[in-house]
Amino acid sequence: MAPTRSPGTALDKAGLGVKFLGSAVLAGILVAGMALPAVGAFGLTAKDTAESFDNIPDDFKTPTLSQVSMIYDAKGGLIAKVYDRDRTILTKEQMAPIMRQAQVDIEDNRFYEHGAVDLKGVLRAATKNAESGTTAQGASTLTQQYVKNVFVEQAGDDQQAFLEATKKSMGRKIQELKYAIKLEEDLSKDQILTNYLNITFYGHQAYGIEAAAKRYFNKSAKDLTIPEAAMLAGLVQNPSAYDPITHPQAAQNRRNTVINKLLEYKHISPDEAKAALASDLGIKYTEPQNGCITASNGMGFFCDYVRHVIKQDPVFGKTAADRQKLWSQGGLRINTTIDPDKQQAMYSAVTKKVNVTDKVSAAGTMVKPGTGEILAMAQTRPYGLDESKKQTVLNLNVGQSMGGGSGFSPGSTFKPILAAAALENGVPITQELSSPPKMEYPSISTCQGTWKDAGHPTVQNESDKEIGPYSMQVAMQKSVNTYFVQLEQQTGLCPMKQMADKLGVGTLANGKALQEVPSMVLGTQEVSPLQMASVYASFGARGMYCSPVALTSVVTSDDKKLDVPKANCNQAMTQTTADGVNTLLLGVTEKGTGSSLGLDDGRPIAGKTGTTDERYAAWFTGYTPDLATSVWLGGVGGNVSMKNITIGGKYFGAVYGADGPGPIWQMAMNDALDGTTPTRFKLFDIAPQTPTPPANDNPGGTSGDSTRGNSAGGNPAGGNPTGGNQNGGNNPAGGNPVGGTTGWPDGGLTTTGGISFPPSTGKPGHH
C-alpha cells in the first residue's frame with residue numbers, strides 16, 4: 001500500500017507556495033531578470049513595458065487564422081465547405097454578449113481589471129495548490145491563454161512545432177508572458193477577448209465560437225442563450241472530458257458551474273440562473289461537414305479539381321508552399337463556372353445509364369465553347385474513400401496532375417484533329433483516298449524527319465467490307481481507319497502534332513508529350529474527357545481554343561479579390577478550317593456512326609464516336625456551337641473488355657461509341673439544352689459525289705455517302721485558290737501521294753490517282 005502523503009506543516013505549505021510562484025511566474029520574471037512593469041494592487045499592467053518588448057509579430061495582434069473556405073457554383077449555390085480547421089471569424093458585434101461574459105467568468109473573471117499577469121490570481125492559485133499538496137491549479141490569464149493558442153495555431157499540422165508550442169518550459173513561459181504584456185499594451189481588452197473566442201478549440205473540429213455554436217446548437221454565435229453559452233464556455237478547459245455528445249452528464253455539470261459563476265458575478269439574475277439550471281442541454285449536433293465529400297449532385301470531383309487548381313496554378317502563389325498556405329489558411333469565397341442545371345443533367349446521365357456496381361464506369365465533362373468554362377463534371381462512382389460503397393477520389397474526367405489517372409485511349413474521336421490539320425495545311429475537304437480494308441503503315445514525315453518501321457505494322461478497318469475509295473466526309477461518317485492513315489501520310493505527322501498541341505492534347509493525361517507516331521490518329525494514346533471536350537469546344541467556337549477554367553473569382557476573408565487563371569483563348573485554326581471540321585462531324589451525327597444520337601428538339605449536333613481495341617474504352621464526344629460534351633465509358637483501370645457485358649441492366653455483345661457512351665451523352669445534352677435557343681453551325685457546301693458501297697455491318701453506320709447541302713451558301717473561304725496540294729506546298733510529307741487535287745471552285749470536285757497497299761493482317765479498328 002502506498003504511503004499516505006502528509007499534509008505538511010505551515011512552513012511546508014509556504015515552501016510549496018514559494019516553489020509554485022518560482023516555477024509559474026516569479027522565476028520566469030525575476031530570475032530571468034526581465035524588466036517587467038511594476039506590480040500594482042490589481043496585478044501587472046502594460047504601460048511601463050520595457051522597450052525590449054516592442055517587437056512581437058503582428059500575427060499576435062491581428063492573427064491570420066485558418067478558417068473555412070466556401071466553394072460556390074455559377075448561380076451562387078454552395079458546393080462545399082473546405083477547411084483545415086472549421087472556423088469562421090466573427091467581430092465582437094457578431095457574438096452574443098452572454099457568450100463573451102460566460103467565457104470571462106469561467107476562465108478569468110478579473111480579466112477587465114488586471115494586466116497581462118494577474119498577481120492576485122497567482123497568489124490565490126499558490127495558496128490553493130499549497131493546501132492541496134499539488135500544482136494542479138494554474139493562474140494564466142485569458143491573454144496568456146490566447147498567446148499560447150496563437151503558437152498552437154501557427155504550428156498547424158507540424159507535430160514538432162506543436163510540441164514546441166505546448167512545451168512546459170521556463171523559456172516558453174517567459175516568451176508567453178512577454179507577448180501577453182505587449183498585447184495588453186497594443187490591443188483593447190475587448191479585442192483580445194474577441195480574438196480569443198475566434199481562436200479557441202471547442203471540440204469536434206470546431207475552432208472558434210461560431211463553428212462551435214453551429215456544431216452543437218445549429219445556430220449562430222449571436223443567437224446563443226444563457227445555458228448554451230455556459231455549456232460552450234465550459235468546454236474550453238477540457239473539450240474531451242466535457243464533450244456533450246460522449247459525456248452529457250459531465251457537460252451539464254460543467255455548464256451549471258458556469259451558470260453559477262455568471263450568477264455569482266451578478267451577470268445574470270437569480271431567475272435567469274434558475275431557468276438555465278433547470279433546462280436540458282438542448283444539443284442539436286451536426287457532424288463536421290468538411291471537404292468535397294459533402295458536395296451534392298456528384299460535384300465532389302469538380303470540387304477536388306478546384307482544390308488542385310488553387311494548389312497548383314502559379315497565379316495563386318509563386319511556390320507550392322505559398323499556394324498550400326493560401327489553401328490551408330482558408331477564408332476564401334470561391335466562385336466557379338459549374339452550372340448546377342447542367343451538372344445535374346450530366347450526373348443523372350452517368351449514374352442512370354451505368355450502375356455503380358457495374359464492371360465499368362462512365363465519366364462526362366461539359367465545356368462552353370469560346371470560353372473554356374467547365375459547366376459540368378460527373379462520373380458514375382461517388383466521391384469518397386469508402387470502397388465498400390464504391391466510392392473513389394480518382395477523378396476520371398481529368399489528368400493525373402489534377403487528381404485523375406493516366407487517362408484513356410480516345411479511339412476515333414481523335415480523327416477530327418487530323419482532319420483539322422489536313423484542312424489547315426491545304427488538303428481539300430473533298431479529298432478522296434483509296435482506303436483499302438487493311439494496309440501497312442506507310443513512311444510518314446515527322447517534325448524531325450521520317451517515321452518508318454521495318455517491322456511492317458498494319459492497320460485495318462472495322463469491317464473488311466469497308467473498301468474505298470472514300471471521300472473525307474464519308475470516311476469520317478464511317479470512321480474508316482485506313483483513310484485516315486493515308487490522310488496522315490498526305491498531311492504529315494508534324495502538322496497533326498502541332499494541331500494537337502494547339503488544341504490542348506499535346507500533353508497526355510499522364511503529363512507526357514503526345515508521341516509523333518502513325519497510330520496517333522487512331523487515338524491510341526491516353527487523354528481525359530476534359531481534354532476532349534475542350535478540343536470539340538474549339539470546333540464549336542469556329543477554331544477558338546480556350547484552356548479549361550473552373551474559377552470566376554476568389555475573394556479572401558479580408559475582401560481582397562485575387563487573380564484567377566485565364567482561359568488564354570487563341571485561334572487554333574482558321575474559321576474556315578473549323579467550319580470544315582464541323583461539316584464533317586455534322587455528317588457523323590446525321591448519316592454516320594452517330595446518327596442514332598439526335599436530340600429531342602432536332603437542333604443540329606456534331607460529334608464523333610470512338611472505340612478502342614478489345615472495347616477497353618468507348619467514347620462519344622459531341623457538341624453544338626453552345627455546348628461541348630465528352631463521355632467516356634470503360635473500366636477504371638482500362639482493362640475491362642466491353643464484350644458480352646451488362647451495363648446499366650442492358651446486355652451488350654460488344655460496346656460501340658454510339659450505343660455505350662452515346663446514349664449517356666444524348667440524355668445529358670437533352671436535359672442540359674432543354675428550353676434553350678438552338679444555334680446553327682456555319683458549314684461548307686460539299687457537292688454530291690458518286691455513292692460508295694455501304695458497310696452495313698457497322699453499328700450506327702450509313703447506307704450511302706450522299707451529302708447534305710450547306711445553308712451557308714458554299715465555302716466561305718472561296719475554296720482552295722491554289723488549285724490543290726501538289727508537289728509539296730503546305731504538305732511536309734512532300735506532296736500529295738495520290739497525285740494531287742484540282743481544288744473545289746464553285747463547290748465542284750476533281751480527283752485523280754489513288755493509293756495501293758499490299759494486303760496484310762491488322763488489329764480491329766476504332767469506331
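Modeller: Let us begin with Thr-413, which is placed in the loop between β7 (374–379) and α15. Please bear in mind that this is a predicted model.

Biologist: Why is Thr-413 called buried?

Modeller: The term buried applies under 20% relative accessible area. Thr-413 has 0% relative accessibility, and therefore counts as buried.

Biologist: What makes up the surroundings of Thr-413, its neighbours within four places in sequence left aside?

Modeller: Thr-413 is in contact with Met-532, Tyr-536, Lys-608, Thr-609, Gly-610, Trp-619 and Thr-621. Contact here requires heavy atoms within 4.5 Å.

Biologist: How do you know that Pro-428 is to be classed as buried or exposed?

Modeller: Pro-428 lies in the loop between α15 and β8 (432–433). Its relative accessibility is 0%, so Pro-428 counts as buried. Pro-428 and Gly-580 are 152 residues apart in sequence, while their C-alpha atoms are 9.5 Å apart in space.

Biologist: Which residues make the contact between α15 and α17?

Modeller: Helix α15 (residues 415–424) and helix α17 (residues 481–491) have axes that come within 10 Å and cross at roughly 35 degrees. Their crossing is left-handed. From α15 the contact draws on Lys-415, Leu-418, Ala-421 and Ala-422, and from α17 on Asn-481, Phe-484, Leu-487, Glu-488 and Thr-491. These residues divide into 5 nonpolar, 2 polar and 2 charged.

Biologist: Why are α9 and α10 described by the term they are given for their relative direction?

Modeller: The axes of helix α9 (residues 226–235) and helix α10 (residues 248–264) come within 8 Å and cross at roughly 110 degrees. Angles of 65 to 115 degrees count as roughly perpendicular. The two helices, α9 and α10, are therefore roughly perpendicular to each other. Their crossing is right-handed.

Biologist: What makes the contact of α9 with α10?

Modeller: On the α9 side the residues are Ile-226, Pro-227, Ala-230, Met-231, Ala-233 and Gly-234; on the α10 side they are Ala-251, Arg-254, Arg-255, Val-258, Ile-259 and Leu-262. By class, the contact of α9 with α10 has 9 nonpolar, 1 polar and 2 charged residues.

Biologist: What makes β4 and β16 edge strands?

Modeller: They belong to an open sheet of 5 strands, in the order β4-β3-β5-β15-β16, with mixed pairing. β4 (78–82) and β16 (561–562) each have a single partner strand, so one side of each has no neighbour in the sheet.

Biologist: How do you know that β15 and β16 pair?

Modeller: Pairing requires at least two bridges. Strand β15 (residues 551–555) is joined to β16 by 2 bridges, and the two run antiparallel. Val-555 stands opposite Lys-561 in β16.

Biologist: How many helices and strands does the protein have?

Modeller: The protein has 21 helices and 22 strands. Of its 767 residues, 55% count as buried. Among contacts between residues at least 6 apart in sequence, 71% join residues at least 24 apart.

Definitions and conventions. Residues numbered from 1 in each chain as written. Predicted model: local features only at pLDDT ≥ 70, side-chain atom pairs only at ≥ 80, totals over all residues. Heavy atoms only, no water. Axes fitted to C-alpha atoms, helices over the stretch in contact; angles between N-to-C directions. Helix = DSSP H or I, 4+ residues; strand = E, 2+ residues; numbered from the N terminus. Parallel < 35°, antiparallel > 145°, perpendicular 65-115°, else oblique. Left-handed = near helix turned anticlockwise from the far one by under 90°. Nonpolar A, V, L, I, M, F, W, Y, C, P; charged D, E, K, R; others polar. Buried < 20%, exposed > 50% of the residue type's maximum accessible area, 1.4 Å probe, protein only.
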